[in-house]
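Reader: Hi! I'm new to this one, could you walk me through it?
Author: Happy to, let's bring it up and take your questions in turn.

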Amino acid sequence: MDGLLGPILVIIASLIGIAVLNRGRKKRESAAAAAINVKRAQDMPKPPPPAEPSMPHLMQVWGMLSILEEKIGAPGEPFHLPSALFDTLHDGDFFSQESLNSLARAVLAHMRIPGNVFVVAEITGESRFATEGKATAGSYSRKEDMPLNMRVIRVKLRTDYFLDHVVAIMCHECAHHYHAMRGILFDKKWNSEEMTDATAVYLGFGGFMLRGYRPIVRETKTPIQNGTRVTKQTSSIGYLSADIIDALDKEVERLRGQYRRKAQEKQAETERAKARHAEAAQKAESLPKKIQTAQFLFDNFKQFMTIVGRPEGVISPEDAAALQACFYEMETGAPAQALARMASRCAEYTPTSETLEQLTALETEIEAFCTKIALWSACLSRCGA
């Protein structure tokens, strides 16, 4: 046994060394791929800025926006790649199965849809410029042997794709999953693939869609006898043009602002209602004490009237009018009835934002009652003395 231990340890050490070397090689390959991507991006001619949308394009945009608002509701907030995932993808590692599935999970999480999709990457090894125009970049499907809510996204990656292209493709395919999970269907007069692009923009992926869908122009210079011949090739992905994506994204941002303002107004109204409710609760708690104070003042005033009686002699016209009203109301029992009525109303009201006005009015009435009793007491004191 001891004789076998040495060779076994040597084999284990060799395997560990091979794993470390492979990891280092993969890192170097990723770094090399990132450097190639950066160099290729620098050499690639800049795409032209989106053109101003024509009226037919605007009509199409407004039509799609109306349908999406009806079926989805408020537009999604702008999507941002998680920092760790961004670092991984930005380093050029967006051709791996693990990175693409992480990207799909991040996109679906932003859509608030369960991330029950499996991404299959297919690296074609060819350039987008192998053929002019558009090419199929992904697909979305469900196999018969898979659960009902499970789907497969196939991404066809070309060697000259950049990060924005990969994210745009994933957003489009995940939008298919969003439709499937939400049961969203569109009228036949609308192209389903174009509406899927529009859905991705509506849910907050407009920036990535716009950058990924912009046409890329490649210039090839060939020396000829009298100079240089420049050949231009244009390639793009997606179903909606970059011009329509740009117009749609601007309209979505405008609509998003409207929903934000409505949400802010609703939040402000909720805060006001909370404040009114708190004030009503405070008043409802203090009113019984004020009723007790009013009752105490009234009882003391009745005893004081019994002791002092009706004043005799010369009194001022103001005091005479006040005392006349005082004795008249006391003889009719109006103050006692008012006090009982206020105590009954105090017990009836439930403190809510809606009853704040009634509680405030009752509080004002109690304070006015106490003020009147104090006025009668002061007047009777002056005249009785």
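This is a predicted model: local features need pLDDT of at least 70, side-chain atom pairs count only at pLDDT 80 or more; totals for chains, interfaces and linings use all residues.

Reader: Which residue forms an aromatic pair with Phe-205?
Author: First, the count for the model comes to four aromatic pairs. In one of them, Phe-205 pairs with Phe-79 in a tilted arrangement, 4.8 Å centre to centre and with 45° between the planes. This pair links distant parts of the chain, since Phe-79 sits in the loop between α2 and α3 while Phe-205 belongs to helix α6, 126 residues apart. Phe-79 is buried as well, at 7% relative accessibility.

Reader: And what does Phe-298 pair with?
Author: Phe-298 forms a tilted pair with Phe-369, at 6.1 Å centre to centre and 55° between the planes. Phe-298 is in helix α7 and Phe-369 in helix α10 (residues 356-384), so this pair ties together parts that are 71 residues apart in sequence. Both Phe-298 and Phe-369 are buried.

Reader: Which residues form an aromatic cluster?
Author: Phe-79, Phe-205 and Phe-208 make up one such cluster.

Reader: Let's switch to the core. Which residues touch the most other members of the largest nonpolar core?
Author: That core has 58 residues, and the ones touching the most other members are Leu-81, Leu-103, Val-107, Met-111, Met-170 and Met-209. Elements giving it two or more residues include α2 (55-72), α4 (97-111), β1 (117-123) and α5. The largest share, eleven residues, comes from α6.

Reader: What does Met-170 touch?
Author: Leaving aside residues up to four places away in sequence, Met-170 touches Leu-100, Leu-103, Ala-104, Val-107, Val-119, Ile-153 and Val-155. Apart from that core lies another one, of 26 residues, with Leu-323, Leu-356, Leu-362 and Ile-373 among them.

Reader: Now helix α5: how many of its residues are buried?
Author: Helix α5 is mostly covered, with 16 of its 20 residues buried. Helix α5 runs over residues 163-182 and reaches 28 Å from its first C-alpha to its last, close to the 28 Å expected at 1.5 Å a residue. Just after α5, Gly-183 takes a positive phi of about 65°.

Reader: Where is His-179, and what does it touch?
Author: His-179 is found in helix α5 and is buried, with a relative accessible area of 8%. Not counting residues up to four places away in sequence, His-179 touches Ile-184, Phe-186, Met-195, Thr-196 and Thr-199.

Reader: And α7, where does its kink lie?
Author: The kink, of about 30°, lies at Ser-286, shortly before the proline Pro-288. Helix α7 (residues 242-308) has 67 residues, which should span 99 Å at 1.5 Å a residue, and its end C-alpha atoms are 95 Å apart, which agrees. Gly-309 follows α7 and has a positive phi, near 70°.

Reader: Last topic, cysteines: how many disulfides does the count come to?
Author: The count comes to zero disulfides.

How values were computed:
Residues are numbered from 1 along each chain as its sequence is written. Side-chain values use heavy atoms; hydrogens and water are left out. A disulfide is a pair of cysteine sulfur atoms within 2.5 Å. Helices (H or I, at least four residues) and strands (E, at least two) are DSSP runs, numbered from the N terminus. The expected span of a helix is 1.5 Å times one less than its number of residues. Buried means under 20% relative accessible area, exposed over 50%, partly exposed in between (1.4 Å probe, protein chains only). The bend at a residue is the angle between axes fitted to the seven residues ending there and the seven starting there. Contact means heavy atoms within 4.5 Å. A nonpolar core is a set of buried Ala, Val, Leu, Ile, Met, Phe, Trp, Tyr and Cys residues joined through side-chain atoms within 4.5 Å. Rings of Phe, Tyr and Trp (its six-membered ring) pair if their centres lie within 6.5 Å; planes under 30 degrees apart count as stacked, over 60 as edge-to-face and the rest as tilted.
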